[in-house]
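Morning, everyone. I have one structure to show, and I'll keep it brief.

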Amino acid sequence: MWFFSDEQKMLAETVRQFARDELAPQIETLDHEEKFNDPAFRKMGDLGLLGISVKEEDGGAGLGAVEATIAMEEMGAVDASSTLSYLAHAILCVNQIGANGSAEQKSKYLPDLISGKKIGGMGMSEPGAGSDMLGMTTKAVKQSDGSYLLTGTKTWITNGPTGDTFYVYAKTGDSKKDVSTFIVERGMAGFSTGKKFSKMGMRASPTGELVFDQVKIPEENRVGNEGGSVKRMMVNLDLERVTIAGISLGIARGAIEVATQYAKDRKQFGKAIGSFQMIQERLAEASANYEAGRHLTYNVAKMFDDGLLNGKEASVLSAKAKLQAAQMATKVALDAIQILGGYGYTREFPVERMMRDAKLIEIGAGTNEVMRMIIARQMLGEIAAL
Ligand SMILES: Cc1cc2nc3c(=O)[nH]c(=O)nc-3n(C[C@H](O)[C@H](O)[C@H](O)COP(=O)(O)OP(=O)(O)OC[C@H]3O[C@@H](n4cnc5c(N)ncnc54)[C@H](O)[C@@H]3O)c2cc1C
């Protein structure tokens, strides 16, 4: 991007090299076997990626949404699964403890999460509350000693099966907005990590349930004031949407690279298939649409970092970036499959995996429909309100 500083360009190069060395060689096997790239995750800690947005005085890299999106794009270009797990850890858990945690919470949890010794995740979605996340029913009931008893089930949680530290939202009152946040650790009595899902894509990113059966949570594990989490949750969703759009950009870029090379190499009717205008059309459209997504996403990330957006603007623009990038990546990956013909449909080439991974981003972090609702509500006001 035109505004990337030398440091940002250097970060992109470093992460690109890391992705080539540590993610690319493993991903086909891990995707097939639905296994997590644990060694690579720990190495992200050595690179300073795991606490990318946490302030330097709290042990993080002190970087912003632009750098986080760069990391997502560079890793996403070769292995979107590990990148999704990285996002759940760095943006949904670590960033939130850094931004909202007390000094004690930060010093207790951040060092191990930032070094990669521990894996983090975030629990918001529930079996009965996905798009309508404020319909969550997981409850934390305050006890006379100040602690809470946490009961309920979270589902679809990235890093659920492998994680150690979870940033969990629960109701502490009867109204939709009585949402509080708790740091829940593996090993707490009554906490188990339920079922692991077998998925179409993002297969090297473990997804599962978090089950809370009267888990006693000490008061010092509540993040922020009781009932005060809705705004912080929404702010984090905005950051999640712009950074996850980076994964879509990476997938699209990866698919375009494979399809372009194939169009040069593959010959039919005595010519490279890239000489056929219908192949050129797909490649040109993919490249133009990737470029549009890249400009929108990084501009929104930069506007976040430069403090140019109020809360509503941040929500609408991050929804636009995610909607455009997610749809674009699925279309580009599908077109790449078409360009590769029969090979595109097999595991001989990575484009079928890229298409399966791309589809998730039209669902996770808010579906395409929810993104459209956010955008239309801003355009139409009350007429489009739920
Ligand atoms: C691989 C994966 C990883 C995930 N990781 C996490 C995680 O780490 N933490 C976490 O908390 N959650 C996570 N999620 C959950 C994810 O955010 C939800 O799946 C998503 O928000 C959609 O919720 P739902 O699946 O319950 O679908 P539903 O809300 O049941 O939606 C079903 C369909 O109805 C549509 N729909 C719903 N409401 C409306 C409406 N008002 N108007 C029009 N259409 C509507 C939806 O767009 C969708 O097409 C993950 C999901 C997946 C698949």
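Predicted model: local features only at pLDDT ≥ 70, side-chain atom pairs only at ≥ 80, totals over all residues.

Start with the layout. The protein splits into domain 1 (6-119), domain 2 (121-223) and domain 3 (230-384). Between the centres of domain 1 and domain 2, taken over C-alpha atoms, there are 22 Å.

Now the contact. Domain 1 puts 27 residues against 18 residues of domain 2. Which elements of domain 1 give two or more residues to that side? They are α1 (6-33), α4 (80-100) and α5 (103-115). Of these, α4 has the largest share, with 12 residues.

On to the ligand. How many residues surround it? The answer is 23. The closest are M124, G130, S131, T367 and E369. Where does the shell come from? Domain 2 and domain 3 each give at least three residues. By element, β1 (120-123), β3 (148-158) and α10 (368-380) each supply at least two. By class, the shell has 11 nonpolar residues, 10 polar ones and 2 charged ones.

So, two things to look at on the screen. One is the side of domain 1 that touches domain 2, where α4 provides 12 residues. The other is the ligand shell, with at least three residues from each of domain 2 and domain 3. That's it from me.

Methods:
Residues numbered from 1 in each chain as written. Near = placed C-beta within 6 Å. Helix = DSSP H or I, 4+ residues; strand = E, 2+ residues; numbered from the N terminus. Nonpolar A, V, L, I, M, F, W, Y, C, P; charged D, E, K, R; others polar. Domains from an automatic or database assignment. Contact = placed C-beta atoms within 7 Å.
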